[in-house]
Amino acid sequence: MKKLIGISVLLMVITLSCRKTTIQEFCFLEFQNKAVVTNSVGTVFLRGGDYFIDPDNTSTVEYLPCNLPVDLKVPGIRVTFSGNVKDVPAEPKPVAIDNIELTRIDQID
């Protein structure tokens, strides 16, 4: 019986230690998808009270996620992410900012 309890506790610790981030999906429902981002790597940063993702593969766009998980709202952390870029009308800006509905995001250790 002690062996069974020990194994149960061990499995629970292993399960709880896995860093799996849950994200809220289905934001920006009223807007159409204009592109899909898959397995992109970037850095989270804070500007003007909003969290953005600066992807490594382009210097012309920054992503403003509508559903960035709270535990990943940490400036400077590196992430791998996928999502739907939304066609949200916006004012012209010097740097392109695209709104993105994240479908997957993981912190890179």
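Predicted model: local features only at pLDDT ≥ 70, side-chain atom pairs only at ≥ 80, totals over all residues.
Residues are numbered from 1 along each chain as its sequence is written, and side-chain values use heavy atoms, with hydrogens and water left out.

Ile-53 also turns up in the largest nonpolar core, a set of 14 residues; those touching the most other members are Ile-53, Tyr-63, Val-79, Phe-81, Ile-100, Leu-102 and Ile-105. Strands β1, β3 (61-65), β4 and β5 (96-107) each give two or more residues to this core. Here a nonpolar core means buried Ala, Val, Leu, Ile, Met, Phe, Trp, Tyr and Cys residues joined through side-chain atoms within 4.5 Å, and buried means under 20% relative accessible area with a 1.4 Å probe, protein chains only.

Strands (DSSP E runs of at least two residues, numbered from the N terminus) count as paired if DSSP finds at least two bridges between them. Strand β1 (residues 33-47) pairs in the antiparallel sense with β2 (residues 50-55) over 6 bridges, with Thr-43 opposite Asp-54. The two form a hairpin with 2 residues between them, and Gly-48 in the turn has a positive phi of about 60°. β1 also pairs with β4 (residues 78-86), again antiparallel, over 8 bridges; there, Val-37 faces Gly-83.

Ser-40 sits in β1 and is buried, at 7% relative accessible area. Beyond residues up to four places away in sequence, Ser-40 touches Pro-55, Asn-57, Val-79, Thr-80 and Phe-81.

Notes. Helix = DSSP H or I, 4+ residues; strand = E, 2+ residues; numbered from the N terminus. Buried < 20%, exposed > 50% of the residue type's maximum accessible area, 1.4 Å probe, protein only. Contact = heavy atoms within 4.5 Å.
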